[in-house]
Structures are given as C-alpha cells and as structure tokens.
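Keep it plain and group the points by topic.

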Amino acid sequence: MAGPLLKVENVTKRFGGVVALDRVSISVDEGELVAIIGPNGSGKTTLFNVINGVYRPDEGRVYFRGVDVTDLPPYKRVEMGLARTFQIPRPWPGLTVRENVAVGAFFGRARARSVSEALEVADSVLDIVGLSGKADEVAARLTVVEKKLLELARALAMRPKLLLLDEIVAGMSPSDVEKVVDTIVRVRDEMGIAVVALVEHVIRAVRRAAERVIVLHQGRVIAEGAPDEVLSNPKVVEVYLGVTQ
Amino acid sequence: MASGGGLEPLLDTLKAAARKAGPALAVYLVLLAAYFIFPERRQLIATILFYALLGGAFNIFMGMTGYVDFGYVAFLAMGAYGMAIAFTYMADLGYWAIPVGFAIGAILASILAGIVGGIALRLRGAYFAIATIGVNEGIRFLIEGGNLLGGSVGLLFAGKIKEALGDDGFKMITSTGSDLILFGLAFLTVAVTALILSTRVGFALQAIREDEDAAKALGINVTKYKLIAFTTSAVLASLLGATFWSLKGNYVEPARVFNIHYTVEAIIVVMLGGAGTLLGPLVGAVIYQGFNFALNTYVAPFLRELGIHALGIHLPIFALILLAVIVAMPEGIVGYLRARVRSRVLREVLA
C-alpha cells in the first residue's frame, strides 16, 4: 500500500461555539509508534473519536489504508483494522474477561467464525498482556489497571493494523507503566501494529517508547517530531508549565 | 485454526449450541411426558407452556439486549390474526390453512418488527418502552376504529376450522393438536436461543446490553444485531399467538390480543427466571403458573369457606414475591444460582 496507514487531513470539529479541532492534519505510517500529547482539553480524545468514527468532522477528511473513511460507521473501520481503548475503561461489566476479549475476536479484522475460535484467540491475547489468571473473572471485579489491560487485550484480539490507545498509562504506578509500555512495544514489534497513544502527563512513557510525538494545544498541532526535540521545544514547555521563557 | 475448513466452525457452533440447549430441552421433555401421564393436568401444562414460550420469545430480545418492549403483545396478536385470516378467508385449503396461517402471522410480525425496530430502536430505555406502548395501542385502535378484520368484535372462526378440518380435525387441533404444536415451538425457541448464544450474534447482543456505546465504538453494528434479535423474537411470538389464541382458542378479539397485561407477564416470567439464560423463562413460567394454580385451586376455596372472596388473590401476593426477587436477586433465579454454584458442570447447565 502506498502512502501512510492513517492520514487525517485538515480536520475541524466544533461543538456549538467551541472549536475542539482546528484544521488538524496528522499521518501515521505502518508499524509506527506515535504519541499525541497535550494538556487536558486540547482535543486529543475528540481527534480519536473522529479517527474512529464516533464523530463526523465538520470539515476535512480521514483516510485509513488509502480509503476515505470519513463517512463510514465505526464498525466498518474496525473491520478494516482500527481498534481502540477508552480513557475510562469500558469493558462489558457482566461478561467474563475471556468473553470480553472474544467479542473483540468476533468483530475486529480477525472475524472469528465460531465461539471456540474466538475463545482461542482470547486466551492467546490474554497471555500476551498477562491477564490469563483472570480469564474467568467477571470484568466488573477487575482493578482499574487490570481493566486497562483487558481493553488492550480486547483491542489486540481484533488483529488491528492501527491501535488507538486513550490514556492507557494514566493513573498507573511507575512499575505498571513500565510493564504496559513494554507490552505495547513488544506487540508492535511482533504483530507489526501501528500504535497511536494519547498521553496527557506520563511523559516518562513517551520518552520510553514513542518514535514520534505530536503536540496538540487548543485543537491545533503546535509541534511534531522526535521525543527529545519536541519535549524541549519552548512552545511545548510553555503549554505544559504555563511559563514563558 | 484460521486455516480450518468451512465446516469446522459450523460443527463447533452446533456442538456448543446443543450443549447449551440440553438442560432446557430435557425439562420440556419431562413436561411432555407429564402431559401424557397426567391427562387431567393438561390445562395447567398448556398454560405453563404458554408462559414459558411467552418468556422464551421475549427473552431473545429483552433478556439479551436489555431493551424492554411494552408493546410486545402486538407480535402475538399479529400471529393470532394471521391464523384467523387463513381460516376465515381460506378455509378451503384444509390442513394447509395451518402453515399458511403461521406464515401470514410471521410475515405480519416481521413487517411490524422491521418498522417499529427501524424507528424505535434508535431510542434508549424508557423512551423505547413508551414508543412501543404507543405502537401496540395504535394498531389496536386502527383495527377497532377502522372496523378492519371484524373491528372491535374480532374474528370468530370455530365454524371455519370445522369446515376446513372436519369435526374430528377440529376437536384434535383445538386440544392435543395445538398443545403438541406448543411443545414443538418450545423446542424451536430453545434451539434458536441456544444458537444465538453460541454465535457472534449472542456476543454482540450481550455487549450491547452491557454497554451499547462501547459496543458501537468497538466495531459492532448495533442496529443490525438489535434488529436481528427483535425480529427473531417477534416471529417466535407470532407463532405462539397463532397457536394458543387462534388454533386452541379459535377467536381473536382486539381487547384481548392487544392486552398489555401479557407483556407485563412476559416481563415477570423473564425477570423471575433469569434474563438472557435458556432455563430462565421456563423456570419463571413454572413458578409463576404453578403458584397461580396452587393459590386458585387450594387457597382461594379455603378462604371462601371462611367467607373471604379472593379470586384474584394471587396477583397482590405475586407482586410481593416479584418485588422480593428483584431486590434480592436482580439476575433472576437461574442467574442467581449460576453466579453462586461452584461446580463447573452445574454452571453450564444453568447457562
């Protein structure tokens, strides 16, 4: 496939008078690990919802695998290989961990053809994220960190080409952050999945894994590049710390 | 696994469905045996079957998606009218009038499900429930006010059934015949439910029930799966209405077949037994009707001797029991047991 895996072109999204995204353009290549950072309210989650199809942009287009998906419903994009996790984890609380992941295997690019096939995929993915021990537990009983891992497993069971992670390491202890980030990098390396992660504050995770960083502020891309370069950019420092140098 | 042939996933699915269907089918076989062993209890068994089927069909939609359709009885009415139309206007078909009646009812129910579902399934929670009540009452007033199909009097067609099937045929179909069809429908409902639970459809419906927005964002075409459940449930309900009201009862009256009371009873049976489970509606129906029967046959006469006339006494008592069940075990009896039973085998039986 020629061109980038994902291309967001001049996307604008307004909510009433608020401009959540203002002519945002980004692109992601196959197998790339990109972090999108920005303070609270900068438009990160809105951008995800536009990429994933939950919102339609007011202006601009979204291309995935070379196809204009701007007008496609979320399920079509998921079938094409787009998977996501939520900032506040949303596993299906009454289903077991294994069943939650099996749903992913049924409806993603994997398209499992029977329950036993879906459960097989679920077990192998739970093994990757280290949740095998909890497979028969009802999802509602998991800790927040486990729920986030479950969301990761559910997304991986879809065999995506592009994985959108919404604040997956927020609120985790440093050792959990390390573990989860390593898992994500390993998954990317082994399965060749491109990853776009939204990160608000856990800059350590960004330095550890991201190959490219995009900074959003008030709905606009204000900086983009290698992590060290972007994180020392005076404009970025100002946005985060509120000081002018 | 991914390289397996086209047949293997199908066999896997059928095996899983058969395992799930087993326990409920076994209970129905016991009921069938009881039906032949205790001829004097046939009325009670047929009534239990009616409620088990009412709950079983409703369960496919409400139990699996969490949506409550207060106009559900309209689907039974479609079936009842379908069968009534077949005998009233096509009595010369003889026994063929029966399958034709089922087909007309099922088609009417699917059309109604398509229209109502296509519009009302965009609404959530209470809004959906209210919209569906409106549909039920709307159709009833359309038939009564427009004087269609017999208007508010309805259709009486015992004579037409005799004309089509002869006197012996009439006796057979209005008693044992329709009861055996009810058993057939029971097996069909269990099989369909088990099949749904053993495929992606069941997983999609459960995901929708647990968190519809998440289901949508994670790639489930929620409209499609809700419509599948709604229509399947509607068609099964129409077969029940056609059998119980038209074949067994041989008259159709709007005030009865559109009575919201039946929808409420369907909810009771499903909630009591356990929503989304295979055994749930059956357990709910046995308890609900067994209880009504015991109160009306044993307790009410006893009270009458004491000078207390309490024919409807089962209703307030049942209200209290239902309240207690909902507070103490919101997952219903089967759901409650499944969550607490340790043995894996027993858990599978309660699935």
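The model is predicted. A search over all chains finds 32 salt bridges, and the structure holds 23 aromatic pairs over all chains.

**The interface of chain B and chain A**

- On the chain B side 27 residues are in contact, and they meet 29 residues of chain A.
- The two chains bury about 2500 Å² between them. Carbon and sulfur atoms account for 64% of that area.
- Between chain B and chain A the count is 1 salt bridge. Its partners are B:D211 and A:R90, whose side chains meet at 2.9 Å, N to O.
- Three helices of chain B, α1 (7-37), α7 (200-210) and α8 (212-217), each supply at least two residues of the side that touches chain A.
- The helix that gives the most to this side of chain B is α7(B), with 6 residues.
- By type, the residues on this side of chain B divide into 12 nonpolar, 8 polar and 7 charged.

**A:T70, a buried loop residue**

- A:T70 sits in the loop between β5 (67-68) and α2 (74-80) of chain A.
- The relative accessible area of A:T70 is 1%; buried means under 20%, so A:T70 counts as buried.
- The side chain of A:T70 makes a polar contact with the side chain of A:R61 at 3.4 Å.
- The side chain of A:T70 also reaches a backbone atom, the nitrogen of A:V62, at 2.9 Å.
- Leaving aside residues up to four places away in sequence, A:T70 touches A:R56, A:P57, A:G60, A:R61, A:V62 and A:R77.

**B:A74, a buried helix residue**

- B:A74 belongs to helix α3 (residues 73-89) of chain B.
- B:A74 is buried, its relative accessible area being 1%.
- Apart from residues up to four places away in sequence, B:A74 touches B:L112, B:N136 and B:F258.
- B:A74 and B:G284 are 210 residues apart along the chain, and their C-alpha atoms are separated by 22 Å.

**Aromatic pairs in chain B**

- Among the 23 aromatic pairs over all chains is the one formed by B:F58 and B:Y72, which is tilted, with 4.6 Å centre to centre and 55° between the planes.
- B:F58 lies in helix α2 (residues 42-65) of chain B and B:Y72 in the loop between α2 and α3, so this pair ties together parts that are 14 residues apart in sequence.
- Both B:F58 and B:Y72 are buried.
- The ring centres of B:F61 and B:Y67 are 6.2 Å apart and their planes are at 35°, so this pair is tilted.
- B:F61 is buried at 0% relative accessibility, and B:Y67 is buried with a relative accessible area of 6%.
- One aromatic cluster is formed by B:F58, B:F61, B:Y67, B:Y72, B:F75, B:F128 and B:F230.

**Salt bridges in chain A**

- A:R111 and A:E79 meet through their side chains in a salt bridge of 3.8 Å, N to O.
- A:R111 lies in the loop between α3 (97-107) and α4 (115-129) of chain A, while A:E79 lies in helix α2 of chain A, so the pair ties together parts that are 32 residues apart in sequence.
- A:R111 is partly exposed at 31% relative accessibility, and A:E79 is partly exposed at 33%.
- A:R61, the polar partner of A:T70, forms a salt bridge with A:D68, with the closest N and O atoms 3.0 Å apart.
- A:R61 counts as partly exposed at 27% relative accessibility, as does A:D68 at 32%.
- The side chains of A:R141 and A:E137 form a salt bridge at 3.5 Å, N to O.
- A:R141 is exposed, with a relative accessible area of 62%, whereas A:E137 is partly exposed, with 27%.
- Salt bridges that share partners join A:R56, A:R61, A:D68 and A:D71 into one network.

How values were computed
Residues numbered from 1 in each chain as written. Chains lettered and ligands numbered in written order. Predicted model: local features only at pLDDT ≥ 70, side-chain atom pairs only at ≥ 80, totals over all residues. Heavy atoms only, no water. Helix = DSSP H or I, 4+ residues; strand = E, 2+ residues; numbered from the N terminus. Buried < 20%, exposed > 50% of the residue type's maximum accessible area, 1.4 Å probe, protein only. Polar contact = N/O pair within 3.5 Å; in protein donor to acceptor, adjacent residues only side chain to side chain. Contact = heavy atoms within 4.5 Å. Buried area = accessible area lost by both parts, 1.4 Å probe. Salt bridge = Lys/Arg side-chain N within 4 Å of Asp/Glu carboxyl O. Nonpolar A, V, L, I, M, F, W, Y, C, P; charged D, E, K, R; others polar. Phe/Tyr/Trp six-rings, centres within 6.5 Å; stacked < 30°, edge-to-face > 60°.
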